[in-house]
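Visitor: I would like to learn how to read a protein model feature by feature. Can you take me through one?

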Amino acid sequence: MSGLALYPGSFDPVTNGHEDIVRRSLKFVDRLVVAVARNGSKTPLFSVDERVRLLEVVFAGEPKISVCSFEGLLADFARAEGADLVVRGLRAVSDFEFEFQMALMNRQLSPELETVFLMPDQHLTYLSSSIVREIAGFGGDVSAFVHPEVLKALVAKSSP
Ligand code: PNS
């Protein structure tokens, strides 16, 4: 059990895969903060504020979940928030190297911070925000992969 856990990421945008991981984590987490990293190196489709708003819509009415953004190191943010756990999703072996490096580096920076990996449902293992952005950008149907509000936001971004 964890009193307060963080689920950090880019969430550009949140997908059903992220949602699946959040719901699984609630089995052993009292409170979960979904935390959007402000200093991601990628060029995002959605601004941080847009991503936070979409996450708030997806997890509206969930008393155990809150959404925020953070700047700087995850380990520092976790310490400031009093979080003892980081939740990350692991879809395939290809995720492993980056996740392993990040978890061990975060442990080095903050030894009291534990990282746990959860696997999404099988039908979501091939899903990623980047593939959703790409399909939606070319006008493809991503309604099976994202919340209806995210779908609306994607359509609005890709329409001229
Ligand atoms: O969804 P992503 O892009 O895979 O999430 C990566 C994220 C945001 C969790 C990671 O880049 C991160 O924690 N960034 C904050 C800065 C930091 O602490 N970097 C060192 C990690 S060891």
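Guide: What follows is a walk through some features of this model, which is a predicted one.

Visitor: Take Tyr7 as an example. Is Tyr7 buried or exposed?

Guide: Tyr7 counts as buried, because its relative accessibility is 4% and the cut-off for buried is under 20%. Leaving aside neighbours within four places in sequence, Tyr7 is in contact with His18, Ile21, Val22, Leu32, Val33, Val34, Ala35, Val87, Arg88 and Gly89.

Visitor: How are aromatic pairs read?

Guide: Two values are used: the distance between ring centres and the angle between the ring planes, where an angle over 60 degrees counts as edge-to-face. The count for this model comes to four aromatic pairs. One of them is formed by Tyr7 and Phe11, with 5.2 Å centre to centre and 70° between the planes, an edge-to-face arrangement. Phe11 is buried too, with a relative accessible area of 3%.

Visitor: What is the geometry of the pair formed by Tyr126 and Phe145?

Guide: Tyr126 and Phe145 are also edge-to-face, at 6.3 Å centre to centre and 90° between the planes. Tyr126 is in the loop between strand S5 (114–118) and helix H5 (129–137), while Phe145 is in the loop between H5 and helix H6 (148–158), so the pair ties together parts 19 residues apart in sequence. Tyr126 is exposed, with a relative accessible area of 54%, whereas Phe145 counts as buried at 18% relative accessibility.

Visitor: Now the backbone. What is the phi value of Phe11, and where does Phe11 lie?

Guide: Phi of Phe11 is near 50°, which is a positive value in a residue other than glycine. Phe11 lies in the loop between S1 and H1. Pro13 has its place in that loop between S1 and H1 as well, and a cis peptide bond, with omega about 0°, joins Asp12 and Pro13.

Visitor: Next, charges. How many salt bridges does the structure hold?

Guide: Side chains of opposite charge can pair when their charged atoms come close. The structure holds 13 salt bridges. One of them joins Arg24 and Asp20, whose closest N and O atoms are 2.6 Å apart. Arg24 and Asp20 are separated by about one helical turn, because they are four residues apart in helix H1. Arg24 counts as partly exposed at 26% relative accessibility, and Asp20 as buried at 15%.

Visitor: Which salt bridge links distant parts of the chain?

Guide: One is between Glu50 and Lys157, with the closest N and O atoms 3.2 Å apart. This pair links distant parts of the chain: Glu50 is in helix H2 and Lys157 in helix H6, 107 residues apart. Glu50 is partly exposed, with a relative accessible area of 31%, and Lys157 counts as partly exposed at 36% relative accessibility.

Visitor: Which residues are linked with Glu19 in a network of salt bridges?

Guide: Arg23 and Glu62 are linked with Glu19 in such a network. Glu19 is found in helix H1 (residues 16–25) and is buried, with a relative accessible area of 17%. Neighbours within four places in sequence left aside, Glu19 is in contact with Val58 and Phe59.

Visitor: Last, the surface. Which residues make the nonpolar surface patch of about 410 Å²?

Guide: Val93, Phe96, Phe100 and Leu104 make that patch. Phe100 is found in helix H4 (residues 93–109), and at 44% relative accessibility Phe100 counts as partly exposed.

Notes: Residues numbered from 1 in each chain as written. Predicted model: local features only at pLDDT ≥ 70, side-chain atom pairs only at ≥ 80, totals over all residues. Heavy atoms only, no water. Phe/Tyr/Trp six-rings, centres within 6.5 Å; stacked < 30°, edge-to-face > 60°. Buried < 20%, exposed > 50% of the residue type's maximum accessible area, 1.4 Å probe, protein only. Helix = DSSP H or I, 4+ residues; strand = E, 2+ residues; numbered from the N terminus. Contact = heavy atoms within 4.5 Å. Patch = residues over 30% accessible without salt bridge, like charges linked within 9 Å, V, L, I, M, F, W, Y side chains within 5 Å. Areas by Shrake-Rupley, 256 points an atom, 1.4 Å probe, with all protein chains shown as cover. Salt bridge = Lys/Arg side-chain N within 4 Å of Asp/Glu carboxyl O.
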